[in-house]
Amino acid sequence: MSTRRHPHLPPVWLMALALVAVAANLRTAMASVPPLTETIADDLGLSNTALGALTTLPVLCMGLFAPSAQRIAARLGAAASVELSIVCVAVGLGLRLAGGATWPLYAGTFLAGVGIAIGGTLLPGLVKELFPPQRAGLVTGLYMLAMMGGAGASSALSVPLEGWLGSWQASLASWSLLAVVGVLAWVPVLTGHARHRAANPTVVAPARLPWQHATAWLVAGYLAIQSVEFYSTLAWLAPSYTARGWDPTDAGYLLSVFTAAQLVSGLLAPALTDRIHDRRVLLLSASVLGLLGQAGLWLAPHGAPWVWASVLGFGQGASFALGLVLMVDYAGSPAASARLAGMAFLFSYTIASFGPASMGALRDLTGGFTAVWGTLTVLMLAQVGFSALLRPGLRKVE
């Protein structure tokens with residue numbers, strides 16, 4: 001990587017490290033919960049639908065508050081808004097320490113979800129603004145690597161942390177410390193970006209989301225299906241195996257295998273986009289892997305669960321990372337990338353927020369997880385269809 005792109009900004013390597021520190025916090029609020037669902041349910045008397053809502057609530061926030069990120073960035077600047085977002089995550093996760101009552105658990109989850117919405121919406125535009133164009137794929141891969149790394153660590157360590165710290169509340173709240181690291185790491189980018197804005201003042205136009213843009217709808221539709229698949233799997237993979245008699249720690253490790261596989265594909269797939277122009281090659285490959293993994297969990301859950309979790313993780317990691325790349329590909333400017341992200345996240349995450357709770361309700365209705373994995377397998381076929389439509393040369397959002 002070249003050392004810097006703009007004279008007022010920190011070196012590119014330092015901004016990449018800061019991006020990694022921030023991105024590591026964008027999934028811990030959701031991924032830390034599933035391995036502890038049985039314990040939380042016993043303590044608070046929650047149904048499977050209510051437990052699914054603990055994963056659903058941040059995703060719903062990520063959809064509903066994505067457009068607000070643009071208005072906040074117009075006032076504070078994108079880098080300052082990202083700093084604010086990670087502060088929200090830190091405070092929200094810290095509130096879970098009082099999760100012996102139901103309301104602090106959900107209130108903290110809500111606040112963390114708002115922070116994730118702001119940061120996740122603005123980071124693709126900042127990647128386009130701060131980093132050299134020829135490195136966009138690699139930087140997106142690092143962003144994805146950190147995000148899935150945080151998810152994998154939080155799912156693997158939730159049950160051990162409960163034992164070490166003495167309660168599930170302390171286990172969930174401990175991830176606020178990682179958010180504090182993100183807050184501190186982002187300070188050089190915040191100060192450098194402020195100097196850059198002062199030296200290059202621009203008039204910020206009202207952030208109108210591209211609702212009538214056909215390409216934006218294709219990206220949003222693709223991400224909606226991918227997000228339903230991902231968050232439903234994140235919420236119910238571990239509980240589906242504890243329900244089959246697995247030890248909660250082993251079920252947490254299975255979820256970690258799912259997220260660890262995403263570390264590899266999430267880094268590799270965006271890096272390959274720097275060399276493969278037709279994104280459909282990668283999009284279809286990732287979607288087919290996801291289809292195979294979901295089908296395995298549905299049709300042969302006892303056959304090779306570690307294999308199915310790995311294959312599904314490879315597919316989902318690549319699918320989401322490629323979705324982030326599409327927000328850069330199909331945008332004509334950093335501002336357009338942020339607008340596209342705002343619309344795509346509003347639509348996709350709002351739809352996806354119904355996934356975990358709906359799958360929990362389906363489990364309550366049927367008494368098992370067979371229908372859950374069957375539904376997600378059929379839905380994966382739609383992701384394959386959208387992948388085929390995202391061809392090169394589509395009209396960009398301006």
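Among contacts (heavy atoms within 4.5 Å) between residues at least 6 apart in sequence, 84% join residues at least 24 apart. This is a predicted model, where local features need pLDDT of at least 70, side-chain atom pairs count only at pLDDT 80 or more, and totals for chains, interfaces and linings use all residues. Residues are numbered from 1 along each chain as its sequence is written, and side-chain values use heavy atoms, with hydrogens and water left out.

## Overall fold

The chain has 18 helices and zero strands. Both are DSSP runs numbered from the N terminus: helices are H or I with at least four residues, strands are E with at least two. The radius of gyration is 20 Å, close to the 21 Å that the globule rule gives for 398 residues, so the chain is as compact as a globular protein of that length. That radius is taken over C-alpha atoms, and the globule rule is 2.2 Å times the number of residues to the power 0.38. Along the principal axes, the C-alpha atoms fill a box of roughly 60 × 45 × 35 Å. Buried residues make up 59% of the 398. Buried means under 20% relative accessible area, exposed over 50%, and partly exposed in between, with a 1.4 Å probe and protein chains only.

## Cysteines

How many disulfides does the model have? The count is zero. A disulfide here is a pair of cysteine sulfur atoms within 2.5 Å. The sulfur of cysteine 61 has its closest cysteine sulfur in cysteine 88, 11 Å away, which is too far for a bond. Cysteine 61 is buried, at 2% relative accessibility. Cysteine 88 also counts as buried, at 15%.

## Cavities

The whole structure holds five cavities of 30 Å³ or more. On a 1 Å grid over the protein atoms alone, a cavity is a set of points where a 1.4 Å probe fits but cannot get out; a pocket is an open set with protein on both sides within 12 Å along at least five of seven lines; lining residues have an atom within 4 Å of a point. Grid points are joined across faces, edges and corners, and a volume is the space filled by probe spheres set on the points.

| Cavity | Volume | Helix giving the most lining residues |
|---|---|---|
| Largest | about 70 Å³ | α7, four residues |

Start with the largest cavity. α7 (102-130), α8 (136-165) and α16 (334-352) each supply at least two residues of its lining. That lining includes Arg27, Ile116, Tyr143, Phe320 and Tyr349. By class, it has nine nonpolar, two polar and one charged residues. Ala, Val, Leu, Ile, Met, Phe, Trp, Tyr, Cys and Pro count as nonpolar, Asp, Glu, Lys and Arg as charged, and the others, Gly among them, as polar.

Next comes the second largest cavity. Among its lining residues are Arg27, Gln226, Phe230, Gln262, Phe320 and Tyr349. Two or more residues come from each of α12 (214-242) and α15 (305-329). The lining of this second largest cavity has five nonpolar, four polar and one charged residues.
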